[in-house]
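Welcome! Here is a short briefing to read with the model open beside you. Take a moment to look around before you start.

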Amino acid sequence: MGDLEVDIILNLKKADRHVTPAELGRACKVTEGEVSEAVGELSGRGYRIDHVPGEGYRLMGTPDLMDVTDIRSDLHGSVLGGEVFAFGRVTSTNDVAVSLARGGSPEGTLVIAEEQARGRGRRGRVWFSPPGCGLWFSIILRPGLGAEGSATISLAAAAGVAESLEEAYGIRAQIKWPNDVLVRGKKICGILTEAEFIDNTVRFVVVGIGINVLTGKEQFPDDIAAIATSVAVETGRRVSRTGVLACVVKSIEANYSELRHHGFEGIRTKLLQRSALIGKMTRVKTPDGVVEGVAADIDISGALLLRREDGSTERLVAGEVMGIL
Ligand code: BT5
C-alpha cells in the first residue's frame with residue numbers, strides 16, 4: 001500500500017464526481033500512467049472505481065474488508081492514525097500496539113484488525129471480536145503525564161466514542177465509569193487502557209477500543225447477548241466500519257487535545273452529562289472490597305465518588321461496576 005493510493009482515494013472522495021487522469025496526476029504529482037496503474041491496483045483490492053473514457057474515474061464504493069488506504073485517507077491530517085497498521089487476524093491489537101510502542105512507534109500510531117484471536121477485556125476477561133463485525137483497534141499515545149493521568153485518558157476516549165456515535169449516527173450513548181459505552185443500558189463499546197511507566201511518568205499509553213458495529217443480535221454469544229448491542233442493531237443500518245472509525249478517532253483526538261491543553265475539567269463535564277451512573281445507587285467491586293452508594297460525582301482525576309448511606313463519601317480510582325441498583 002503506497003502513499004499514491006491514499007492520495008488518489010483522498011482526491012476521489014473529496015471530488016465525489018468523475019476526475020480525469022490528468023487532474024488526478026496533477027493533484028498527486030505523478031504521471032497519468034502512474035495514476036492508471038494505481039487505480040488498477042485499488043480495483044484489485046475491492047475499490048469500486050467507475051471509469052468513463054473522457055471523464056475519468058469516480059469512486060463508487062470501498063472494500064467490505066477494512067483497508068488501510070481507506071482508513072488513512074479518512075484520517076488524513078489527524079495526529080491519531082498518522083500511522084496505521086491493519087491486520088487480518090492478531091491475538092490482540094493491544095499486544096501489537098504495546099510492542100510497537102516499546103519499539104518507539106510515535107504517538108498516534110493506530111493498530112486495527114478484522115479479528116482478534118484473544119481479544120481482551122480487563123482482568124483477563126474475553127472480548128468477543130469476530131471478523132467482519134466490529135472495530136477492534138488500539139492507539140498509541142505519549143501524553144507525558146504522571147501515573148494518575150492514564151485514567152483520564154480512558155475516560156476522554158469513552159467520551160469521544162459516545163459523542164461521535166451520537167453526532168454521526170444519532171445513537172444516544174452513555175458512559176459507564178470507568179470504561180464502557182452503553183446504549184439503552186447495553187454495551188456497544190469497551191475500552192482497555194494499558195500504560196507503561198518510567199519512574200512516575202507515563203512512557204506510553206495504549207488505548208484499546210472495541211466497538212460492535214455490524215454485529216447482528218443473533219450473532220452475539222449467549223453469555224453477552226442480553227448485555228451487548230451494536231451500531232447496526234441500534235440504527236437498523238449497515239454502516240461503513242471505516243466511516244465509524246474515522247468519526248470516533250477524530251472525536252477522541254479532539255478530547256485528547258482538550259485534555260492535554262486544558263486539563264480534565266471539560267471532559268469531566270461531558271462525562272457527567274452522559275454518565276450512566278450519576279444519581280443512581282451503584283455497587284462497585286474495588287481492590288479493597290465491594291462498596292455501595294449513590295454515584296455522586298467524578299472528580300478532577302477521573303475517580304468516581306460514591307455517597308454512602310451513612311453520608312460518607314468513598315473515592316474510587318479503580319473498580320468494576322457490579323450493578324446499578
Ligand atoms: C472491556 O473490558 O470492556 C474492554 C474491552 C476492550 C476491547 C478492545 S478491542 C481492541 C483492543 N484489543 C484487545 O484485546 N482489547 C481491546 P471489561 O470491562 O473487562 O468487559 C469485558 C466484558 O464485556 C466481558 O466479560 C463480557 O461480559 C463483555 N463483552 C465481551 N465481548 C463483548 C462485546 N463484543 N460487546 C459487548 N460486551 C462484550
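Is R123 buried or exposed? With a relative accessible area of 61%, R123 is exposed, since exposed means over 50%. Keep in mind that this is a predicted model. Let's begin with the sheet, then turn to the helices and a few single residues.

**The sheet**
- Seven strands form an open sheet in the order β3-β4-β5-β9-β8-β7-β6, and their pairing is mixed.
- The edges are held by β3 (84–90) and β6 (173–176); each has a single partner strand, so one side of each has no neighbour in the sheet.
- On average, neighbouring strands here are turned by 20° against each other, direction ignored.
- As background, strands of a sheet pair through backbone hydrogen bonds, either parallel or antiparallel.
- Strands β7 (residues 180–183) and β8 (residues 186–198) run antiparallel and are joined by four bridges.
- Look for V183 in particular: its bridge partner in β8 is K186.

- Helix α6 (residues 150–169) and helix α9 (residues 241–262) have axes that come within 8 Å and cross at roughly 135°.
- The two helices are therefore oblique to each other.
- Their crossing is right-handed.
- Among the residues that meet are I153, V161 and L165 in α6, and V244, I252 and L259 in α9.
- The residues of this contact divide into 14 nonpolar, six polar and one charged.

**How these helices lie on the sheet**
- α6 lies across β5 (134–141), β6, β7, β8 and β9 (201–212), and runs at about 150° to β8.
- α9 lies across β4 (110–116), β5 and β9, and runs at about 30° to β5.

**Backbone details in the loops**
- Most residues other than glycine have a negative phi, and most peptide bonds are trans.
- R123, in the loop between β4 and β5, has a positive phi near 50°.
- D199 also has a positive phi near 50°, and this residue is found in the loop between β8 and β9.
- D199 is exposed, because its relative accessible area is 77%.
- W177 and P178 are joined by a cis peptide bond, with omega about 0°; P178 sits in the loop between β6 and β7.

**A residue in another helix**
- S36 belongs to helix α3 (residues 32–44) and counts as partly exposed, at 39% relative accessibility.
- From C-alpha to C-alpha, S36 and G25 are 9.4 Å apart in space, and they are 11 residues apart in sequence.

Definitions and conventions. Residues numbered from 1 in each chain as written. Predicted model: local features only at pLDDT ≥ 70, side-chain atom pairs only at ≥ 80, totals over all residues. Heavy atoms only, no water. Axes fitted to C-alpha atoms, helices over the stretch in contact; angles between N-to-C directions. Parallel < 35°, antiparallel > 145°, perpendicular 65-115°, else oblique. Left-handed = near helix turned anticlockwise from the far one by under 90°. Contact = heavy atoms within 4.5 Å. Nonpolar A, V, L, I, M, F, W, Y, C, P; charged D, E, K, R; others polar. Pairing = 2+ DSSP bridges. Buried < 20%, exposed > 50% of the residue type's maximum accessible area, 1.4 Å probe, protein only.
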